Amino acid sequence: MDQMELAETVQAQAEVIDMGSLKPFAQVDQVSQNSPASAAGFREGDLVIRFENVDHSNHRNLAALGELVPAAAAEQKALIVIVSRSSEQLKEDTTILQLSLTPRPWGGRGLVGCHIRPYSGP
């Protein structure tokens, strides 16, 4: 997929997201170097709004991610993850990003290479 196709895909998927449902349910508190999460662009502090079809309403205390990730790894399927990221300079400056994560064995712990914890707000 070239850059133009990727931009069009991101725009089309962003239009589908209900901006009123951007409620984070998890926070990334550690990302391992050379991991699938690192390659996808995850950063410590990212707030997870959507992880494929999992969001604040159905994550079941993150159990849904524990089911989704191994299944995606077995199928070698990329997962779309929507995160909110604050600027390091201005904490009130927040960006919504769409990341593509392909879980896989990678030489470290787990299939993703980051630690995600439940998030209930500031």
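In what order do the five strands sit in the open sheet, and is the pairing parallel or antiparallel? I looked that up first: the order is E4-E3-E2-E1-E5, and the pairing is antiparallel.

**Ground rules**

I am working on a predicted model, so I kept to its limits: local features need pLDDT of at least 70, side-chain atom pairs count only at pLDDT 80 or more, and totals for chains, interfaces and linings use all residues. Residue numbers start from 1 along each chain as its sequence is written, and side-chain values use heavy atoms, with hydrogens and water left out.

**Sheet**

For my labels, helices (H or I, at least four residues) and strands (E, at least two) are DSSP runs, numbered from the N terminus. I count two strands as paired if DSSP finds at least two bridges between them. Strand E4 (94-101) and strand E5 (114-118) stand at the edges with a single partner strand each, so one side of each has no neighbour in the sheet. From one strand to the next I get an average twist of 35°, where axes are lines fitted to C-alpha atoms (for helices over the stretch in contact) and angles run from 0 to 180 degrees between N-to-C directions.

Then I went through the pairs:

- Strand E3 (residues 79-86) pairs with E4 over eight bridges, antiparallel; Ile80 has Ser100 in E4 as its bridge partner.
- E2 and E3 share four bridges, again in the antiparallel sense, and I found Phe51 opposite Val81 in E3.
- Strand E1 (residues 26-31) is joined to E2 by two bridges, antiparallel, with Gln27 opposite Leu47 in E2.

A reminder to myself: strands of a sheet pair through backbone hydrogen bonds, either parallel or antiparallel.

**Whole chain**

I read three helices and five strands, in the pattern α-β-α-β-α-β-β-β along the sequence. Of the 122 residues, 37% are buried; buried means under 20% relative accessible area, exposed over 50%, partly exposed in between (1.4 Å probe, protein chains only). Why do I call strand E2 (residues 47-51) largely enclosed by the rest of the structure? Because four of its five residues are buried.

Among contacts (heavy atoms within 4.5 Å) with a separation of 6 or more, 62% link residues 24 or more positions apart.

**Pocket**

The largest pocket holds about 410 Å³ of space. Its lining has 17 residues, and Val112, Gly113, Cys114, His115 and Ile116 lie nearest its centre. Helix H3 (63-75) and E5 each give at least two lining residues, with H3 supplying the largest share, four residues.

Grid points are joined across faces, edges and corners, and the volume is the space filled by probe spheres set on the points.

**Positive phi**

Asn34 has a positive phi of about 60°. Asn34 sits in the loop between E1 and helix H2 (36-40) and is exposed, at 68% relative accessible area. Gln76 has a phi near 55°. Gln76 is placed in the loop between H3 and E3 and counts as exposed at 69%.

How values were computed. 1 Å grid on protein atoms, 1.4 Å probe; cavity = no way out; pocket = protein on both sides within 12 Å on 5 of 7 lines; lining within 4 Å.
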